[in-house]
Amino acid sequence: MSGPDLRRAAAEVAVGLVTPGMRLGIGTGSTANVFVELLGARVRAGLDVVGVPTSEATRVAAEAAGIRLATLEALPELDLTIDGADEIDGAMRLVKGGGGALLREKIVAFASHRMVVIADAAKRVETLGAFPLPIEVNAFGLGATRRAVAAALRASGCTGELVLRARDGAPFVTDGGHHILDAHLGRIPDPEALSGALWAVPGVVEHGLFLGLATGAILAEARGGQAVVSRLGIV
């Protein structure tokens, strides 16, 4: 059974959480794209919801699927956000931002009463950090910020290479107009300490550690050629 099959299995369960009238945060990434597809089918069948997308890519996909959208200015409180994750540990701490939308994803998650992660079970880890940690930074003073981020990583007990994310031979630019430094750490022994250290760097706009935001998770794994879905936390 392939990764797409598992992502679809998790997204199918997540779509079942959506009830009429909900104000939804809609995540970004391959698993969230499947959720958008399935939600669009329910909307076209008569489900009345309104969504706030976490990226321009998600906005385009949701509009194409027929999902009614709004902004956080119009809907500052959301009932539920459904989003993927690059890593999730047993305490439902996350690493996110592989798709580059971490700033908007975190803003939307923070505005939501619940955040439910959908992913294949391979994203569950004992210790965060195998997936490179995205750190969104202001383009101004990038060199100085990079040195300060490296110092913050060392002070938090983390070691590894900082790589400026690129696309088509040029620095990747987020929807907010920023760059991303990907920290290849291997493991993050104390995510809370690292979060605080990164926040102390003025050029850091956001980082991919999502701590205390996810209330539940829907994880799918292959067993005997079938997708088996498990739930963590409050789903």
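1. Strands β8 and β11 (residues 179-184) are paired antiparallel, with 4 bridges between them. One of these pairings can be found by residue: L162 has A183 in β11 as its bridge partner. The model in which this is seen is a predicted one.

2. This pair belongs to an open sheet of 4 strands, in the order β8-β11-β7-β12, and the pairing in the sheet is antiparallel. The edges are held by β8 (161-164) and β12 (204-207); each has a single partner strand, so one side of each lacks a neighbour in the sheet. On average, neighbouring strands here are turned by 25° against each other, direction ignored.

3. Which strands does helix α4 (residues 102-110) lie across? They are β7 (133-137), β11 and β12, and the helix runs at about 65° to β12. Helix α6 (residues 191-199) also packs on the sheet, where it touches β7 and β12. The direction of α6 makes about 160° with that of β12.

4. By contrast, β14 and β15 pair in the antiparallel sense, over 8 bridges. An example from that pair is A220, whose bridge partner in β15 is V229.

5. The turn between β14 and β15 deserves a look. These two strands form a hairpin with 2 residues between them, and G224 takes a positive phi near 60° in this hairpin.

6. Two packed helices are described by the angle between their axes and the distance between the axes. For α1 and α2 (residues 30-44), the angle is about 45° and the axes are 9 Å apart. The two helices are therefore oblique to each other, and α1 passes α2 in a right-handed crossing.

7. Which residues make this contact? From α1 they are R7, R8, A11, E12, A14 and V15. From α2 they are S30, T31, V34, F35, E37, L38, L39 and R42. Sorted by class, the contact has 7 nonpolar, 2 polar and 5 charged residues.

8. Last, the chain as a whole. The protein chain has 6 helices and 15 strands. Its C-alpha atoms fill a box of roughly 55 × 45 × 35 Å, taken along the principal axes. Why can its radius of gyration be said to agree with that of a compact globule? With 235 residues, such a globule would have a value near 18 Å, and the protein chain has 18 Å, so the two agree.

Key. Residues are numbered from 1 along each chain as its sequence is written. This is a predicted model: local features need pLDDT of at least 70, side-chain atom pairs count only at pLDDT 80 or more; totals for chains, interfaces and linings use all residues. Side-chain values use heavy atoms; hydrogens and water are left out. Axes are lines fitted to C-alpha atoms, for helices over the stretch in contact, and angles run from 0 to 180 degrees between N-to-C directions. Angles under 35 degrees count as roughly parallel, over 145 as roughly antiparallel, 65 to 115 as roughly perpendicular and the rest as oblique. A crossing is left-handed if the near helix is turned anticlockwise from the far one by less than a right angle, and right-handed if clockwise. Contact means heavy atoms within 4.5 Å. Ala, Val, Leu, Ile, Met, Phe, Trp, Tyr, Cys and Pro count as nonpolar, Asp, Glu, Lys and Arg as charged, and the others, Gly among them, as polar. Two strands pair if DSSP finds at least two bridges between them. The radius of gyration is taken over C-alpha atoms; the globule rule is 2.2 Å times the number of residues to the power 0.38.
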